[in-house]
Every structure is written in structure tokens, then in C-alpha cells.
Amino acid sequence: MSKRKINYDVIVIGGGHAGCEAAHASARRGASTCLITHSIKTIGLMSCNPAFGGVGKGHLIREIDALDGLMGIVSDFAAIQYRELNRSRGPAVRGPRVQADREIYKAKMQNILLNTSNLEIIEGSVINLIIKNNCANGVILNNGNEIFSTSVVLTTGTFLSGIIHIGNKKVVGGRVGEKSETELSKQIKNFDFIIGRLKTGTPPRLLSKSINYSNLDKQEGDISPKFMSFLTTKTQNPQISCYLTRTNINTHHIINNNIHNSAIYNGNINSSGPRYCPSIEDKVNRFAHKDNHQVFLEPEGLNSNIIYPNGISTSLPQDVQEKFIRTIPGLEDCKITQPGYAIEYDFIDPTQLKSTLETKKIKSLFFAGQINGTTGYEEAGAQGLIAGVNAALKSYKNKSFIIDRSQAYIGVLIDDLIMAGVSEPYRMFTSRSEYRLLLRTDNADDRLTDIGIRNSIISKNRISLWKKKKQIINDLFDFSNNNTITPNQFNKYGFSIKLNGKHKSICDLLSLPNINVDQLYNIWPKLAEFPKYAIEQLEISAIYSGYLDRQLNDIERFRKDESLLIPEDISYSRIGGISNEMIEKLELNKPRTLGAASRIKGITPGCLTALFSHVKNSNHISKF
């Protein structure tokens with residue numbers, strides 16, 4: 001291709017999960033969008049485990065889907081096993097999860113993006129950003145082409161100065177068989193961004209036919225699957241089983257004897273890895289009292305002979321990997337098709353970002369995904385969607401698209417990143433949200449789809465389906481609130497509730513212990529006419545009714561704090577009663593609201609009280 005200049009509204013760099021969501025979100029918002037990737041063939045590649053979702057992560061996928069993103073639809077299209085985690089626990093902490101066929105997922109994602117209006121995909125490597133007047137205006141490719149735009153979204157994953165470690169062996173690369181981005185990493189450092197190093201890892205891949213499954217625990221999928229997308233109505237592929245095995249004392253003995261050869265322990269890697277997804281070396285070292293650890297054998301696809309052994313991520317030398325793996329039941333004769341490895345890469349301190357994921361230092365430059373210090377497909381995809389929409393809005397000079405932490409786990413994720421930063425790869429858990437009774441997987445569309453409609457990022461088909469669904473749910477709630485019965489009449493059906501004489505609605509009855517909708521069909525046959533998803537919403541709302549009211553009050557207080565603006569010219573050193581440490585934290589983060597100040601790591605209640613009093617007494621309080 002000869003040198004030429006091209007213009008778009010938005011450029012997205014990188015075809016991983018963040019890049020796919022960013023490009024699609026930007027294009028469906030109406031912006032002319034260019035996705036630049038090393039190879040179209042690797043778009044949508046699952047570089048780590050062949051699965052999506054789970055607790056926290058499944059919440060993110062449902063929210064991406066509610067905003068018309070791709071991950072839910074495509075993972076359903078590629079799903080070969082469904083399992084809802086925490087199924088026996090409350091609705092707030094249940095997480096849908098799928099095993100996905102790698103090739104089907106990748107092909108489907110590529111097909112969607114290649115046929116998306118307003119989106120062009122270019123193969124190439126970005127070597128420079130075009131920055132003018134402290135604003136991102138485009139990129140320069142390795143072939144000399146200059147591509148101009150109003151906004152640039154950087155979604156480079158683990159590719160910024162990526163180094164792969166296997167024992168003492170080092171290979172420069174962002175993924176096995178793919179080169180890292182070193183020139184782009186140098187340029188970002190030249191812009192004086194605060195840069196750090198993180199690491200993540202992956203286990204060896206195993207040949208399925210070399211595994212003895214006969215004595216292993218089979219893990220079947222759910223008979224009635226919970227789909228990742230609200231649009232999915234049936235499974236697309238044959239459903240298969242996974243298997244469970246465990247490490248043992250012999251496994252740990254080999255690992256301990258060779259731990260000095262692990263890149264994580266021999267000094268080759270000094271950066272932090274994911275605490276909640278540690279390597280097998282970390283597990284053996286940190287949990288020395290345990291004599292076994294679970295290993296989930298996950299098929300990589302319907303036509304694949306490769307197994308992903310989830311739970312034994314490692315950077316030990318390949319010969320040591322072979323030794324310890326063959327001590328694991330079922331894997332005594334297994335063959336490794338690709339050794340496990342650790343990868344170390346550059347990330348930027350996410351406290352340098354706004355809520356839109358635009359950088360504070362350079363206008364119209366957005367970062368999304370692992371470059372912001374997160375780990376996981378779902379966290380990356382959520383950031384990509386938000387960055388893509390905001391990059392598109394930038395080209396129209398429209399207002400920002402911001403989801404706050406009371407509305408979605410997407411908001412929790414971004415708020416945590418930009419306010420607290422990261423010291424290790426960030427992973428989403430339901431425990432990170434103070435409003436988790438409201439932020440459930442079952443109601444993600446109720447929370448977010450109307451917001452998406454108002455911001456013009458929802459397709460006509462989804463709008464039509466959502467409006468019908470919402471009307472059905474509203475009709476059910478109206479019916480359940482308007483139909484009542486006295487305790488005496490109700491007890492004639494075989495129940496035993498207090499005879500206080502007050503009429504009780506269907507919602508009132510469902511809030512009582514040991515009463516469910518199935519028991520009420522004989523009294524109100526019309527209930528059976530409503531679909532399962534509506535009944536589920538009714539039951540959850542009734543069960544959680546008192547708690548939800550309290551959380552709604554908490555959210556109201558949150559909204560008040562978020563609406564109280566701190567003036568940009570405030571001098572924190574003039575606030576009486578706060579320490580130098582607090583002043584430094586406030587100066588560094590420059591919170592825009594009192595709510596944002598409260599979420600700065602280490603800020604004390606006393607400091608917040610003094611800050612509020614100072615702003616109030618200075619007559620500086622204003623609202624959004």
C-alpha cells in the first residue's frame with residue numbers, strides 16, 4: 001500500500017476484546033471508525049482461557065450486552081457449556097459462565113466487525129501517535145501511512161513492551177507468536193505518563209487424547225442454561241463436559257524443588273501478578289498448608305484436541321512443567337502442545353484517566369483494557385465499550401457517556417481504576433460494589449438499556465425487544481400489586497400466615513418466607529401467562545424488597561455527594577484540620593466531587609468532613 005493520508009472520526013488500536021467493543025460501539029454511535037490491528041485473523045482471539053463470565057465477570061458481560069455490545073452475543077454463539085456459578089446463593093452473587101469454542105468465537109466476532117457499518121479494519125502496526133496542541137489527531141503506521149482522526153482509542157492489551165518468560169528464557173512478544181509494541185510504548189513514556197509493569201500468566205496446553213479421563217470428576221453443564229445475552233433464546237452448539245482433577249504432594253514437591261527456575265521467583269520478573277488468579281508456583285508457595293489445588297480441564301472447542309488446564313498457570317521451564325503435570329491424576333501420560341508462560345508488559349497508572357477513559361494529559365486520547373491495569377476479557381470489553389462511545393461523542397462535541405458505580409459494575413470498575421489506581425491486575429468481584437443487591441445479572445437491561453437508547457447506541461431490534469419485555473414486566477408488577485387477599489382467605493389454600501386482617505398483595509406474599517410463585521398459580525391462574533424472566537424479576541424484587549429500599553436510599557445519598565462539585569482552583573493546603581498526607585492525596589487525584597474524594601484510597605472521614613465544611617463555608621458548592 002502506498003503512502004496516503006486517511007481521515008476518520010475515531011481510530012481504535014488493537015483487535016482484542018477491548019478493541020472489538022470500542023470499535024463496534026464507536027461505529028454504532030455513528031462515528032466513522034477505523035480499527036487497526038496486526039492481523040484481521042487474530043481479531044477476537046481468546047489469548048487465555050476458553051471461557052467467559054462467572055461471578056462479577058458475568059455481571060460485566062450482561063451489562064455490555066444491555067448496552068448492545070458484542071461479548072454476550074458472540075460468547076452465546078460459541079458456547080459449548082453453560083454453568084451458573086453460585087446458583088445455590090442469592091441472585092445478587094450468581095454469575096453466568098460459558099465455555100466457548102475458540103474458533104467459533106473468533107470467526108463470529110470477525111464476521112460481525114467486518115460487516116459493521118461505519119467501520120473499516122486496517123492491518124498494520126502503529127509506531128507513532130499524532131499529537132498536536134496536546135490533542136490526539138491520528139496515528140502513523142509502520143508503512144508510513146498517516147491516519148487522522150478526532151479521537152484515538154488505545155487498546156494494546158499485553159503488547160506494550162511485552163516480554164514472555166518461560167523459566168530463564170525470555171522472548172519479546174505480546175502473545176505467543178506475535179511481536180510486542182515497543183515504539184508505541186516509548187512514545188507513551190515520552191508523554192510523561194506514569195508507567196508501570198504488570199504480569200499475567202497462562203498454563204500449558206495439553207493434548208486431549210493423551211489424558212485419561214476415566215477416574216476424573218466430570219463437570220456437566222446446566223440443563224437450563226442462563227444465556228450471556230438477553231437476545232439469546234437457545235443454545236447454538238452441542239454441549240460438552242469439562243473435567244476436574246487436583247494437584248498433590250508430589251506435584252508440589254517438584255514445584256518447590258524447581259521454584260528457583262521460575263521467572264516469577266528467579267528475579268527475571270519484579271512486577272505484580274493477579275492475586276486472585278495466581279500461578280501454581282504462587283499457590284504452592286503462599287498456601288503451603290494445602291496439599292492439593294483444583295485443576296479444571298477445559299476443552300478449547302468442539303473440533304479441538306487441545307485442553308486448557310485452568311488452575312496451573314506457570315512460568316517454570318518446559319521440562320519441569322512436564323514433570324509436575326504428570327504427577328496429576330489423569331495427566332500421567334499427557335503431552336504438552338504449548339508450554340505455560342508468564343508475560344510482563346507496560347500499563348499506565350489509570351488515575352491519569354477521566355471517567356470517560358480519556359487521558360487527563362492528552363485530549364481525545366483514550367485508553368481501554370489491560371493497558372489500564374485490569375485482567376480478563378470482560379473487564380477489557382467493558383472499558384472498550386465506554387471508551388468507544390466517548391471517543392465517538394468527542395467527534396460530535398456531545399456530552400460524555402458516563403456510567404457511575406450505582407448504575408453498573410462497569411461504573412464500579414472504572415471508578416475503582418481512576419480513583420484508586422492498581423498495584424496488581426484488577427479483577428471484578430461482586431464484593432467491590434456497595435450496591436450489589438441492585439446490580440444483578442438478571443436486571444442489567446432494566447438498569448442500562450434505556451440509558452443506551454438515550455445515547456443512541458442501541459439497535460432498533462434490541463429497542464423493540466426491550467420495550468416489549470419492559471411492558472410485560474410492568475404488567476406483571478401492576479397485576480401483582482393490585483391483586484390482594486386476606487390472610488384468612490389465603491390460609492384456606494393450605495398456608496399459615498398471621499391473621500392480622502390486612503389484605504396482602506401477591507408481592508406482599510412473595511416477600512414472606514417459604515412462599516413462591518408456583519404456590520400461587522391456583523389462586524391467580526393469570527400468573528402462569530407471564531414469561532419466566534418476568535416471574536424471576538417479581539420474585540427477586542419481593543424477596544429483596546426491604547433491602548432494596550435501603551440500597552435506594554444509599555444511592556440517593558451517593559447522588560448528593562456526586563452532585564457536590566469541588567472547584568478546580570481550590571487550595572487544599574488552606575483547609576484546616578487535615579494532614580499533609582491527605583493534602584498530597586487530594587492534590588494528586590484532583591477529585592471533581594465530594595463523592596470522588598471519598599473514594600480516594602486512604603482518605604479519612606475526618607478529611608472529608610473538613611473538605612465539605614471548607615467548600616460549604618467558602619460558598620463554593622455547586623452542582624452538575
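1. Asn514 isn't a glycine, yet has a positive phi of about 65°. Most residues other than glycine have a negative phi. You'll find Asn514 in the loop between α14 (506–510) and α15 (532–543); helices here are DSSP runs of H or I with at least four residues, strands are runs of E with at least two, and both are numbered from the N terminus.

2. Some housekeeping before going on. This is a predicted model, where local features need pLDDT of at least 70 and side-chain atom pairs count only at pLDDT 80 or more, while totals for chains, interfaces and linings use all residues. Residues are numbered from 1 along each chain as its sequence is written, and side-chain values use heavy atoms, with hydrogens and water left out.

3. Leu357 also has a positive phi without being a glycine, near 75°. Leu357 belongs to the loop between β21 (341–348) and β22 (365–367). Is Leu357 buried or exposed? Buried, at 0% relative accessibility.

4. On to the rings: there are eight aromatic pairs in the structure (Phe, Tyr and Trp rings, the six-membered one for Trp, with centres within 6.5 Å; planes under 30 degrees apart are stacked, over 60 edge-to-face, the rest tilted). Take Phe52 and Tyr105: the ring centres are 4.6 Å apart and the planes sit at 25°, so this pair is stacked. The pair ties together distant parts of the chain, with Phe52 in strand β4 (residues 51–53) and Tyr105 in helix α4 (residues 102–114), 53 residues apart. Phe52 is buried at 0% relative accessibility, and Tyr105 is buried with a relative accessible area of 0%.

5. Phe490 and Phe495 make a stacked pair too, because their ring centres are 4.2 Å apart and their planes are at 10°. Phe490 is buried at 0% relative accessible area; Phe495, at 17%, also counts as buried.

6. Which residues do ring pairs link into a cluster with Phe52? Tyr105 and Tyr377.

7. Lastly, charges over rings (NZ of Lys or CZ of Arg within 6 Å of the ring centre and within 35 degrees of the ring normal). Arg62 lies over the face of Phe230, 5.2 Å from the ring centre. Lys469 has its charged end over the ring of Tyr533, at 5.1 Å from the centre.

Definitions and conventions:
Buried means under 20% relative accessible area, exposed over 50%, partly exposed in between (1.4 Å probe, protein chains only).
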